[in-house]
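Subject: Structure handover and notes

Dear colleague,

I am passing on the structure below, together with my notes on what was found in it. Please read the notes with the structure open beside them.

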Amino acid sequence: AFPKFPDSENAGFYLRTPLQTDVDRITIRVKDKKDGEITVQSDVTAVKDIANLTFDEQYQIYLEQRKLSESDIDQIKETALLFNYQPKISIVTPVYNVEPKWLDLCIESLIGQYYKNWELCLYDDASPKQETIDCLKKWQGQDERIKIHFGKDNKHIAGATNEAIKMATGEFIGLLDNDDELTPDAIFEVVKALNKNQEIDFFYSDEDKISVDGELSGPYFKPDFSIDLLRSNNYICHFSVIRKTIGDKIGWFRQGFDGAQDHDLVLRIIDETKRIHHIPKVLYHWRTIPGSTATAYGEKDYVFLSGQKAIATHLERNDLEGTVEKGEWGGAFRVRYAIKNEPLVSIIIPFKDQVDLLKTCVESIFDQTIYPNFELILVSNNSKEKKTFKYLKSVVRKYQKVKVVEYDVPFNYSKINNYGVKQANGDLILLLNNDTEVITEGWLEAMVEPIQRTDVGAVGAKLLYGDKTIQHAGVVLGLGGSAGHIFKGRPDGYHYFNMGVLKNVSACTAACLLVKRSVYEEIGGLDEENLKVAYNDIDFCLKIRAAGYLITYTPYAKLFHYESKSRGYEDTPEKKARHDKEKRYLKQKWGDMLVDPYYNPNFTLEDQSNSIGILAYKKQRKLEASR
């Protein structure tokens, strides 16, 4: 890069070169046209940590690694010809005033598909630009699979797309904007999935962005279906493929939702069918043209209003009372579910002495909590210090909501919490560590709102370290062979598409976890026998999901978590042995369930950085080569 250059952010170069494993340092010599020379030395060990690279730098390596050879492409084409099920896929594209160069690239991305049984339905929405019309006419007759219709009246995006769908004869409808591109294997991947399961009604894939220069960046590696995330943002977006009979039944696109017509359609589709399949591959390139939604969402305020309306009508269809507010970033929404009858929340806080920590925790609850109906159950486990008991007496006198119970057994996190629940009166149970501090005023409301739904069993919160970096924003299964906290150590404001919104996760830490009492009792609480200290919350959440409930994460309940200050770390041989035993038990019990549906397989499982799985891919290719 060139720091003193006025346009330095857009200047510089990447150099990628294969290195031998015994190389420790590389030297790069760059000469200019006048034979001036710049020498740069780089310590190779410093760049082995993928997390040190920007996400787009990681993506460039990812793309380089996954380039298909000619033989790879030939194999895909041969496989496509051998599919037992060869459905016609109709790609529909409304056209309006698009520049011919983008429209040509869009159409050419269909011509280059590895799977051949497709049709492209282009409907021009009365474009006033003659060059757009001329471009469409140029394509007429070039390929019998390309259908073109010229509309006389401007119907806008929803109406124009519906007109394109009327031209379609395929079993499935794929959506493609007139300035975007499909990857050559896009339709192939859809049909491959259908050959494994012909019952699928709705597909979506990962996507990235493509610049006007053809550069790829900003990949969105998405989770499998997440209803809370979909109500927070149209993360499904591109590439979407819908069974035509489903679309016909719901009436396809509706007028009055322009700018969020896709979001409205998807919400109505998932109300009609649960046979949804996510393809964790980038199959769609979204063109970034100045002024487009892909580039700057905030330039189109009407998009927010349409999205708000789409989510609100979806809530009404599902008999869910609530309001839809703007989220923390463009394209994000916050659903505020109406709290009914203010159910009693019993907050269970186990502790052993450490009175300063406990006091900070308790005082923050009373300082920051607006929600009126809660009680605190303080469970003393082998406390011995006089100042602890002095504080307990004072806090009971000060707050009527506080109840202190003693449970003097050898430390067993699961057993202590289960005992605390038995002493509680609430229909909602909040498991809370004593080394936490509430820092957002509406934290309890934020957790109570979603848990009232019949499909939600537990709700987790956002936890920060004392330096305001992320300690917990949901648990990912499979990290490090068991489970881990994604985005751990990232700044609080870190953003990756689905950050800062309500979403579903596989598990949340019990350092702050709200659970329905009925669900707690249904699944038998925390495992006292096999998971006394570690992984009990992961097992607990997996039991909740196995019982058919969702785990929801909310960033709107925010607390500091001074992790392990009260219990300490696994820093003795005995503690490490116990920890390893509990880890083995978790893996043996849940096996395949430790594959996380909400964590895209393109991300690494080697650490908690949310980096792209570049190193793992290298290992995989070496393993395949050795076989």
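**Backbone geometry**

Asp319 is exposed, with a relative accessible area of 67% (buried means under 20% relative accessible area, exposed over 50%, and partly exposed in between, with a 1.4 Å probe and protein chains only). This is a predicted model, in which local features need pLDDT of at least 70 and side-chain atom pairs count only at pLDDT 80 or more, while totals for chains, interfaces and linings use all residues. Residues are numbered from 1 along each chain as its sequence is written, and side-chain values use heavy atoms, with hydrogens and water left out.

Asp319 is found in the loop between helix 11 (301-317) and strand 12 (helices, H or I with at least four residues, and strands, E with at least two, are DSSP runs numbered from the N terminus). The phi of Asp319 is positive, near 55°, in a residue other than glycine. Phe497, in the loop between strand 22 (483-485) and strand 23 (503-505), also has a phi near 55°, again a positive value in a residue other than glycine; Phe497 is partly exposed, at a relative accessible area of 23%. A cis peptide bond, with omega of about -5°, joins His238 and Phe239, and Phe239 is found in the loop between helix 8 (227-232) and strand 10. As background, most residues other than glycine have a negative phi, and most peptide bonds are trans.

Strand 12 (residues 322-326) pairs with strand 13 (residues 333-337) in the antiparallel sense over five bridges (two strands pair if DSSP finds at least two bridges between them). Thr323 has Arg336 in strand 13 as its bridge partner. The hairpin of strand 12 and strand 13 has six residues between the strands, and Gly331 in that hairpin takes a positive phi near 95°.

**Salt bridges**

A search of the whole structure finds 30 salt bridges (a side-chain nitrogen of Lys or Arg within 4 Å of a carboxyl oxygen of Asp or Glu). In one of them, the side chains of Glu189 and Lys192 meet at 3.3 Å, N to O; the two residues are three apart in helix 7 (residues 186-196), and are therefore separated by about one helical turn. Glu189 is buried, with a relative accessible area of 6%, whereas Lys192 is partly exposed at 27% relative accessibility.

Glu582 and Arg578 both lie in helix 18 (residues 573-590), four residues apart, which is about one turn of the helix, and their side chains form a salt bridge of 3.0 Å, N to O. Glu582 counts as buried at 3% relative accessibility, and Arg578 as partly exposed at 21%.

Arg243 forms a salt bridge with Asp201, with the closest N and O atoms 2.6 Å apart. This pair links distant parts of the chain, 42 residues apart, with Arg243 in strand 10 (residues 240-243) and Asp201 in the loop between helix 7 and strand 8 (202-210). Both Arg243 and Asp201 are buried. Elsewhere, Lys88, Glu119 and Lys147 are linked in a network of salt bridges.

**Buried residues and their surroundings**

Helix 6 (residues 156-166) is mostly covered, eight of its 11 residues being buried; among them are Gly159, Asn162 and Glu163. The buried residues of helix 6 pack against strand 3 (89-95), strand 4 (118-124), strand 6 (172-175) and helix 9 (244-250).

Lys462, in strand 19 (residues 456-464), counts as buried at 6% relative accessibility. A polar contact of 2.6 Å joins the side chains of Lys462 and Asp492 (a pair of N or O atoms within 3.5 Å; within protein, one must be able to donate a hydrogen and the other to accept it, and residues adjacent in sequence count only if both atoms are side-chain atoms). Leaving aside neighbours within four places in sequence, Lys462 is in contact (heavy atoms within 4.5 Å) with residues including His472, Asp492, Tyr553 and Lys558.

Gln113 lies in the loop between helix 4 (100-111) and strand 4 and counts as buried at 0% relative accessibility. The side chain of Gln113 reaches the backbone oxygen of Ser109 at 2.8 Å. With neighbours within four places in sequence left aside, the contacts of Gln113 include Trp118, Leu182, Pro184 and Ile187.

Best regards
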